[in-house]
Amino acid sequence: GNTLRRLIDLGLAMDMPDEELAQLYTQLGKLEAEVLLRPDQAIEAWRKVLDMRGGADFDAMAALEELLSQQSRWEECIQVLMLRAEHQQADFEKIDTLLQAASLWQERVENADAAGDVYAQVLELDAGHQRAFDSLAAVYRQGSHWEPLIELLLGRVDMVETSAERVDLLQQVAETYEEKLDDAEHAFVVLQAAFAEDYTNDRTAENFERLASSTGKWNDLLTEYNNVVQTIADPKVKADLLVKMGRWYAGELGHMEYAEASVQEALKLNPECTPGLEALEGFHRKAGKWDDLIEVMKRRAGLEEDSGRKVWAYLSLAEIYEVQVEDPELAVGAYRKALEIAPDCDDALDALERLYRNSQKWEALIDVMERKAAAVEDIGQSVELRRRIAELYERQLEDTDRAIEGYSQILQVEPGDRG
């Protein structure tokens with residue numbers, strides 16, 4: 001070791017060429033590290049090699065990386081890696097080295113921001129590099145660097161291949177604007193772009209609508225929907241969006257003319273569009289347009305496949321006839337339609353009992369009450385209904401025989417009844 005150092009000193013004094021000095025320092029570095037086991041002196045020697053060769057000696061870099069790692073001198077090791085990347089020719093080699101440096105910043109030095117700077121350099125070499133993108137995004141989130149994160153995500157949108165990936169990135173940007181920067185305005189604008197990219201994405205549509213409500217941007221929302229509607233070929237899908245638009249025109253902007261026109265257009269495209277009929281029902285009911293509402297309810301009753309919903313439609317229609325139009329005959333017809341589907345429907349039976357009693361249609365009333373008596377499980381209720389039936393025969397129809405028969409049936413059920 002001393003001999004080599006004397007040679008180096010003489011070489012320096014005699015202006016020995018740098019390459020010859022570099023060879024001597026190389027020998028010294030190996031000797032110090034491998035034989036004399038003096039890592040600090042070895043590191044110093046290998047640094048001299050790099051100085052003599054303008055930093056472009058990959059063997060010297062490798063030796064330094066190993067020695068510095070053994071000494072846990074991580075920041076110095078990173079400096080060597082960055083020097084290696086600077087001198088490498090192929091981008092894939094540079095990227096591999098930079099990723100090693102970024103990992104050391106994160107895992108050994110625990111300096112996420114410094115790692116982020118290196119990941120950014122990787123993306124300058126390969127804008128589509130997934131690992132660097134994911135890692136840099138994580139660094140920005142960890143450090144609450146929201147604006148750089150937004151810039152990173154937006155820059156990625158044009159690089160991904162699928163619509164689903166673009167929408168996901170835009171959703172992340174909107175979420176960052178809204179939740180981290182408290183900027184609902186910019187979040188709404190970004191969701192406009194996401195909606196234009198894929199109007200079928202439920203998460204986008206829900207958040208787009210929610211932000212329209214919180215920012216009061218219903219006109220902008222409806223403009224975007226209108227633009228999208230013009231591009232849709234499927235009549236059912238188009239109808240569904242038109243119904244949504246109609247509800248917003250009515251509920252959020254109070255533009256009932258636009259609301260009804262939008263829903264009517266939907267029903268032209270898809271006459272069986274139940275949501276469209278439901279929307280029209282609400283519009284007409286609120287406006288007191290009973291004749292129009294009756295037509296809508298007739299269509300709903302005819303279209304409903306679920307028996308429960310169909311019964312509900314006929315009951316609603318009957319109520320409109322009875323209460324709003326004041327036409328008990330038509331109401332009776334609608335209630336009877338409900339009973340054809342659900343013979344034990346209490347609401348229909350109770351309504352018919354009331355209407356028949358008011359109109360003094362005693363035989364029809366008795367028929368309804370007999371159906372109620374047969375349907376109830378409680379013996380007391382059944383007896384009471386049958387007593388009332390017998391009284392109708394006796395007092396209203398003056399049919400003594402049927403009245404006696406009715407009272408006899410009661411005694412068979414309750415022999416002690418003397419009412």
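## A walk through the helices and their contacts

Let's start at the surface, where Leu7, Leu10 and Met14 form a nonpolar patch with about 330 Å² of accessible area together. A patch is built from residues with over 30% relative accessible area and no salt bridge, joining nonpolar side chains (Val, Leu, Ile, Met, Phe, Trp, Tyr) within 5 Å and like charges within 9 Å. Accessible areas come from the Shrake-Rupley method with a 1.4 Å probe, and for residues only the protein chains shown count as cover. Keep in mind that this is a predicted model, in which local features need pLDDT of at least 70 and side-chain atom pairs count only at pLDDT 80 or more, while totals for chains, interfaces and linings use all residues. Residues are numbered from 1 along each chain as its sequence is written, and side-chain values use heavy atoms, leaving out hydrogens and water.

Leu7 sits in helix α1 (residues 2–13). Helices here are DSSP runs (H or I, at least four residues), numbered from the N terminus. Leu7 has a relative accessible area of 40%, so it is partly exposed; that label covers values between buried (under 20%) and exposed (over 50%), with a 1.4 Å probe and protein chains only.

Glu209 belongs to helix α12, and it counts as partly exposed because its relative accessibility is 31%.

A polar atom of the His129 side chain lies 3.1 Å from the backbone nitrogen of Ala132. With 16% relative accessibility, His129 counts as buried.

Now for the salt bridges, of which a search of the whole structure finds 29. A salt bridge is a side-chain nitrogen of Lys or Arg within 4 Å of a carboxyl oxygen of Asp or Glu. In one of them, the closest N and O atoms of Glu295 and Lys298 are 3.7 Å apart. Both residues lie in helix α17 (residues 290–303), three residues apart, about one turn of the helix.

Asp350 and Lys372 also meet in a salt bridge, at 2.7 Å from N to O. This pair links distant parts of the chain, 22 residues apart: Asp350 is in helix α20 (residues 346–359) and Lys372 in helix α21 (residues 362–375). Asp350 is partly exposed at 36% relative accessibility, whereas Lys372 is buried at 15%.

Finally, look for Arg247, Glu278, Glu281, Arg285, Arg300, Glu304 and Arg309, which are linked in a network of salt bridges.

Terms used. Helices (H or I, at least four residues) and strands (E, at least two) are DSSP runs, numbered from the N terminus. A polar contact is a pair of N or O atoms within 3.5 Å; within protein, one must be able to donate a hydrogen and the other to accept it, and residues adjacent in sequence count only if both atoms are side-chain atoms.
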